[in-house]
Amino acid sequence: MVKEWPDSKGEKALDYTLSFLDPKKYYILHDLRIPYKDSFFQIDTLLITTKFILNIEIKYLAGTAYFDPIFNQLIQTKDGIESALPDPTIQIKRQESQLISWLSKQGFPNFPVYSCVVMSNDRNIIKTSPDNKTLNKIVIHRHSLMDKINEIENSVEKETTSTKVIKKIIRTLIRQHQEATPSIPERFNIEEKDLLKGVICEVCHHRPLVRKHGTWFCLKCESRNNDAHIQALKDYELLIGSTINNSELREYLVVDSPYVAKRLLQSLNLPTTGTKKGTQYILSSDESQTRKHKQKHPPTI
């Protein structure tokens with residue numbers, strides 16, 4: 001058995017079940033994040049054999065999980081409270097398609113790829129509408145996983161590829177895997193609404209500064225600063241994300257006017273994507289670029 005990355009809570013619950021598999025026959029990878037087109041696709045657990053590949057999406061949920069086939073959502077009921085979650089059956093179909101496309105692009109032979117959602121909390125109750133007859137083929141409890149693997153094993157009559165090719169697939173997956181870098185709020189469990197907004201005064205640290213006549217003015221110490229928004233946007237990139245639009249800038253810098261916000265963004269000479277109201281400005285915290293544009297004025301981040 002191959003395990004390359006730390007298990008999540010759901011994966012730990014699945015470890016005991018997977019430990020019964022023959023390690024010379026079944027290869028297992030956890031928490032894959034593979035580049036795909038302009039983004040990534042992620043897989044919780046990938047089971048690879050010479051006959052087939054099984055993509056396993058793990059859900060560790062308490063209470064009742066109701067799969068709504070009409071609105072394609074998963075409704076969790078816990079302690080009398082309902083919460084709507086994305087439908088993992090839709091997610092694994094997309095992952096399966098992306099994995100097949102990735103295998104083809106890497107030049108590997110075509111062979112069967114299957115997917116299932118494993119509810120790893122044994123106390124979780126799975127429900128759906130009476131006419132949803134196929135859910136039990138896709139969504140299973142942890143204790144049914146071995147039966148699922150045996151069912152697939154028996155349905156594929158012969159080996160599709162060799163152990164040598166399987167090991168090459170595994171090496172390629174490991175080589176291309178890229179760890180996600182969590183943002184600071186994610187790392188410390190901080191919600192965006194709890195972040196303090198506004199430009200900070202470099203002299204007395206008061207916030208928010210007011211934008212007046214093309215400069216930032218501090219109501220507390222009355223100091224002025226033309227470029228105080230640059231540090232604020234560096235903080236935005238670290239705390240929230242690497243792109244920003246007009247309305248997001250206004251909210252974060254506490255600026256009322258969309259025209260002022262547009263002038264600030266355009267003055268930074270940032271690369272953009274989209275047009276008109278859909279324009280996104282790509283933030284960059286490259287220090288050399290900051291210094292270069294500061295000399296020219298207007299500065300960049």
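This is a predicted model: local features need pLDDT of at least 70, side-chain atom pairs count only at pLDDT 80 or more; totals for chains, interfaces and linings use all residues.
T49 and Y27 are 22 residues apart in sequence, while their C-alpha atoms are 6.5 Å apart in space.

The chain has 301 residues, of which 41% are buried, and its secondary structure comes to 10 helices and 15 strands. Among the contacts with a separation of 6 or more, 56% are accounted for by residues 24 or more positions apart. The chain exposes about 17,500 Å², and carbon and sulfur atoms supply 49% of that area.

The next part of the picture is the nonpolar interior. In soluble globular proteins, nonpolar side chains tend to be buried together. Here the largest nonpolar core has 23 residues, and those with the most contacts inside it are V199, L209, W216, I244, L249, L253 and L264. The helices α7 (228-239), α8 and α9 each supply at least two residues of this core, and α7 gives the most to it, with five residues.

Two packed helices are described by the angle between their axes and the distance between the axes. The axes of α7 and α8 come within 11 Å and cross at roughly 110°, which makes α7 roughly perpendicular to α8. On the α7 side the residues that meet α8 are H229, A232, L233, D235, Y236 and L239, and on the α8 side they are E248, L249, Y252 and L253. By class, the residues of this contact divide into seven nonpolar, one polar and two charged.

The axes of helix α8 (residues 246-253) and helix α9 (residues 258-267) come within 9 Å and cross at roughly 100°, and α8 and α9 are therefore roughly perpendicular to each other. N246, L249, R250 and L253 of α8 make this contact with P258, A261, K262, L264 and L265 of α9, a set with six nonpolar, one polar and two charged residues. L249 of α8 takes part in the contact with α9 and also in the contact with α7. Leaving aside its neighbours within four places in sequence, L249 is in contact with L233, I244, V254, A261, L264 and L265.

D15 lies in helix α1 (residues 9-18) and counts as buried, because its relative accessibility is 18%. D15 and R142 are 127 residues apart along the chain, with their C-alpha atoms separated by 10.0 Å. T64, in strand β4 (residues 64-68), is likewise buried, with a relative accessible area of 18%. Not counting residues up to four places away in sequence, T64 touches I75, Q76, T77, N124, I125 and K127.

The backbone also has some particular features to find. A cis peptide bond joins R207 and P208, with omega about -5°, and P208 lies in the loop between α6 (184-187) and β10 (210-212). Two aspartates have a positive phi in a residue other than glycine: phi of D31 is near 55°, and phi of D79 is near 55°. D31 is placed in strand β1 (residues 27-36), whereas D79 lies in the loop between β5 (73-78) and β6 (81-86). D31 is partly exposed, with a relative accessible area of 26%, while D79 counts as exposed, at 71% relative accessibility.

Definitions and conventions
Residues are numbered from 1 along each chain as its sequence is written. Side-chain values use heavy atoms; hydrogens and water are left out. Axes are lines fitted to C-alpha atoms, for helices over the stretch in contact, and angles run from 0 to 180 degrees between N-to-C directions. Helices (H or I, at least four residues) and strands (E, at least two) are DSSP runs, numbered from the N terminus. Angles under 35 degrees count as roughly parallel, over 145 as roughly antiparallel, 65 to 115 as roughly perpendicular and the rest as oblique. Contact means heavy atoms within 4.5 Å. Ala, Val, Leu, Ile, Met, Phe, Trp, Tyr, Cys and Pro count as nonpolar, Asp, Glu, Lys and Arg as charged, and the others, Gly among them, as polar. Buried means under 20% relative accessible area, exposed over 50%, partly exposed in between (1.4 Å probe, protein chains only). A nonpolar core is a set of buried Ala, Val, Leu, Ile, Met, Phe, Trp, Tyr and Cys residues joined through side-chain atoms within 4.5 Å. Accessible areas come from the Shrake-Rupley method with a 1.4 Å probe; for residues, only the protein chains shown count as cover.
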